[in-house]
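Reader: Can you walk me through this model? Keep it quick.

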Amino acid sequence: MYVPAAALVVIVTADVLLHGPLTHLDHVVHRFDVAHVQGLRALEAETLAAIGQRWVLLCLIVPLAVVARRRTRSWRYPVLSALIVAVLSLLQTLLKSLIPRTYPVGGKDLLFDHGDAYPSGHTLNALVLVWVALEVLVVAFPAMAVRLPPSRRHVIALAAGVVTGIGLTLADYHWFTDVLASWGIGPILLALLIAARPFDREPPDTALL
């Protein structure tokens, strides 16, 4: 998982810096969006893109973390949720500052001028924070763990990232390579989080402390 995803990020980044064939594809997609993604299609694309909005995901995570806190009598879940959101936000700021890039609006693809399009933060939000929401959900409502085992939660988070990226591209909010880079970065972050197991429930005798 790590090697192919990391290789994807390297290839896409090199292509963006060198204005390679993937960057050419960016402009083909941009022209398609402008010409054909209008009306209901644009609304559908914007709806998919909204999955990666941080505030939308926080509207899910915050109440679930509050319920998890009350059920377990532990601050672990709200604190860890907040920490992951904050670290992800800082990481996005850092990554975007490395290669400043303009957004598709206006049709100009400029590097190291202004902008913070690369990589797509919304796609990273969907990949990581949807997983956080699902992890807190099964703590807040344990009965959901049967329907949402760990492997399914992982798949749903990956699917959310893919769907969000497609929406962002079709809505012309991001260049396709912005999304493609995040499709490499996001699964790595997600795999690291899953390996760290931050939301594993505490044993009953310590959860009530």
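This is a predicted model: local features need pLDDT of at least 70, side-chain atom pairs count only at pLDDT 80 or more; totals for chains, interfaces and linings use all residues.

Reader: Salt bridges to start. How many does the structure hold?

Author: Five. The term stands for a side-chain nitrogen of Lys or Arg within 4 Å of a carboxyl oxygen of Asp or Glu.

Reader: What does R101 form with D26?

Author: A salt bridge, with the closest N and O atoms 2.9 Å apart. The two residues are 75 apart and link distant parts of the chain. R101 is in the loop between α5 (76-98) and α6, whereas D26 is in helix α2 (residues 21-36). Helices are DSSP runs of H or I with at least four residues, numbered from the N terminus.

Reader: Is R101 buried or exposed?

Author: R101 is buried, because its relative accessible area is 0%. D26 is buried too, at 1%. Buried means under 20% relative accessible area, exposed means over 50%, and partly exposed is in between, using a 1.4 Å probe and protein chains only.

Reader: And which residue does D109 pair with?

Author: D109 forms a salt bridge with R101, and their closest N and O atoms are 2.8 Å apart. D109 is buried, as is R101.

Reader: What about R197 and D200?

Author: Their side chains meet in a salt bridge at 2.5 Å, N to O. R197 counts as exposed because its relative accessibility is 53%. D200 is partly exposed, at 29%.

Reader: Which residues do shared partners join into one network?

Author: D26, R101, D109 and D178.

Reader: New topic. How much space lies in the largest pocket?

Author: About 220 Å³. Of its 14 lining residues, W131, E135, P150, R153 and D200 are the closest to the centre. A pocket here is an open set of points on a 1 Å grid over the protein atoms alone, where a 1.4 Å probe fits, with protein on both sides within 12 Å along at least five of seven lines; lining residues have an atom within 4 Å of a point.

Reader: Which elements give two or more residues to that lining?

Author: α6 (121-140) and α8 do. The largest share, four residues, comes from α6.

Reader: How do the lining residues divide by type?

Author: Eight are nonpolar, one is polar and five are charged.

Reader: Now the surface. Which residues form the nonpolar patch?

Author: F32, V162, I166 and L170, with about 310 Å² of accessible area together. Patch residues have over 30% relative accessible area and no salt bridge, and nonpolar side chains are joined within 5 Å. Helix α8 (residues 150-170) gives the largest share, three residues.

Reader: Where is V162 found?

Author: In helix α8. V162 is partly exposed, at 39% relative accessible area.

Notes. Residues are numbered from 1 along each chain as its sequence is written. Side-chain values use heavy atoms; hydrogens and water are left out. Patches are made of residues with over 30% relative accessible area and no salt bridge: like charges are joined within 9 Å, nonpolar side chains (Val, Leu, Ile, Met, Phe, Trp, Tyr) within 5 Å. Accessible areas come from the Shrake-Rupley method with a 1.4 Å probe; for residues, only the protein chains shown count as cover. Grid points are joined across faces, edges and corners, and a volume is the space filled by probe spheres set on the points. Ala, Val, Leu, Ile, Met, Phe, Trp, Tyr, Cys and Pro count as nonpolar, Asp, Glu, Lys and Arg as charged, and the others, Gly among them, as polar.
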